[in-house]
Amino acid sequence: MHVLSLRRKIPRLTATIVAYPALLVLIFTAITRFVVSNPVQAIPSKIWQTAKSKSLPDVLATASASWRDHNPEFELLIYDDSEVQEAISKSFGSKFRFVTTEFPLAVMKADFWRYATVYLHGGVYADIDTMNVVPLREWLLPECKFVVGLENEVHFCQWVFAAEPKSPFLARVLQEVYDRYSNSGGINTSNPHFVHYHTGPAVFSMGLKKAFSELFGMSEGLSWDARQWYDFFQQRKKYEASLNGICLFDSDSFNKRYVQNLYASQMKIRGYNSWTDLAANMHVAEKNRLSKFCSAWRQTQHCDPFGSIESSTKVSCLSEIPPGISGFCECLSSPLEGRLQDGGSTSSTRDLTFHHFVQLGVIKPPNERLVGAHNCEGAVNDGDAEFSCEELCFNYWQRQIRHIQSMNVKDEQTKELLVSAISVLNRLLILHRPDLGKSFPKSALSPEDMGDNR
């Protein structure tokens, strides 16, 4: 019955179409519009974000909600720090084990996670402190397989980007993270920009520059900055439509037009420590560890070197003391303590320290807050201007040695200790701070110059 009914209807339908050709055009147009308005999107409808905790402060919750509200057809996935750690271990635990064990800051693991997650699954990554201004469907075009913008003239933006799964461009970024860690022998926190270098915009941009250079056979592209690559793509678009699915946006697109960055790392959000402050503190601690005469720069409040000590500072022992802050240099009280490395061999100093000479009344320990004292206008002592705490602490102990040399030493045992002290300090000067040694006459540290009458 159904077949017979269909056979009867087909001639009638055909006759209707022949009689009304405009109907056929209308049907064809409707089908075409549906296909065009619903193209196959290479980039999956997923938005990835990460935060310290899923209990977001109001400002971050509002920002994250903008991505959900403007893009209801997308799935929003938020990972906290523990889930980021677990995801990296599960999917990249062999080659990239060092990410979970050696990266010292959570922000570095989050950086790696964004590249790895979008590489594996595809989708859009957006920092938790970014606001979606224009819905994705209006600028995430169907022909785009990799979407990135300019953060500035030098770097590509890695706080919002999108890609298809297994993107070769993100594969190159991941390889660059691996290469930089391997070639550096770990994370060198004495570099003040260690986060940017190992996981941030620097490594992201270099990975993309290498991928683009290989794709277009342009070795000179490795030295280009992000703006030069943008200009290249703009010229290429004039005669090549697809550009291998690369959609490159200018710096306004991801900071004003389509997305707004709130820069939460510069805000004071309760319960959230700024990663820039954490990185700066880690850098200062490492530089202080490398110092031989200085323990730390102690920053104080109210432009008073004798004021209350602040909990953190971005000034290390090896940095010049900038204007506009107050504080003092905390010197090591026993710079000769321990063992010295001399060309790979180790020489014992038989636990010789300046404490011996302090107990003998020969020298005085560093007077608290008098070495390198600064108010907000500069050094309290003009002679301390434009020097680092390492240099100022060395100068302090240099003066102490000169004081020792000027003494009339009668006791042979004490004299032997003093000669040893001068010899060891001289070795410290030559081995560890040759740049400082140039400013002092070598004879001033010569133990042979010590006598009974000075």
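Contact, in these exercises, means heavy atoms within 4.5 Å, and helices (H or I, at least four residues) and strands (E, at least two) are DSSP runs, numbered from the N terminus. The structure is a predicted model, in which local features need pLDDT of at least 70 and side-chain atom pairs count only at pLDDT 80 or more, while totals for chains, interfaces and linings use all residues. Residues are numbered from 1 along each chain as its sequence is written, and side-chain values use heavy atoms, with hydrogens and water left out.

**Exercise 1.** Describe how helix H7 packs against helix H9.

Solution. Begin with the geometry: H7 (168-184) and H9 (residues 201-216) pack at an angle of about 125°, and their axes are 8 Å apart. Axes here are lines fitted to C-alpha atoms, for helices over the stretch in contact, and angles run from 0 to 180 degrees between N-to-C directions. H7 is therefore oblique to H9, given that angles under 35 degrees count as roughly parallel, over 145 as roughly antiparallel, 65 to 115 as roughly perpendicular and the rest as oblique. The crossing of H7 and H9 is right-handed; a crossing is left-handed if the near helix is turned anticlockwise from the far one by less than a right angle, and right-handed if clockwise. Next come the residues: H7 contributes Phe169, Leu170 and Arg172, among others, and these meet a set in H9 that includes Ala202, Val203 and Phe204. The residues of this contact of H7 with H9 divide into twelve nonpolar, one polar and five charged, where Ala, Val, Leu, Ile, Met, Phe, Trp, Tyr, Cys and Pro count as nonpolar, Asp, Glu, Lys and Arg as charged, and the others, Gly among them, as polar.

**Exercise 2.** Work out the arrangement of helices H4 and H6.

Solution. H4 (residues 81-92) and H6 (residues 106-121) have axes 10 Å apart and pack at an angle of about 55°, which means that H4 is oblique to H6. Their crossing is left-handed. Among the residues of H4 in this contact are Val84 and Ile88, and among those of H6 are Trp113 and Tyr119. By class, the contact of H4 with H6 holds eleven nonpolar, two polar and two charged residues.

**Exercise 3.** Decide whether Asn152 is buried, exposed or partly exposed.

Solution. Asn152 is found in the loop between strand E5 (146-149) and E6. Its relative accessibility is 32%, so Asn152 counts as partly exposed.

Methods: Buried means under 20% relative accessible area, exposed over 50%, partly exposed in between (1.4 Å probe, protein chains only).
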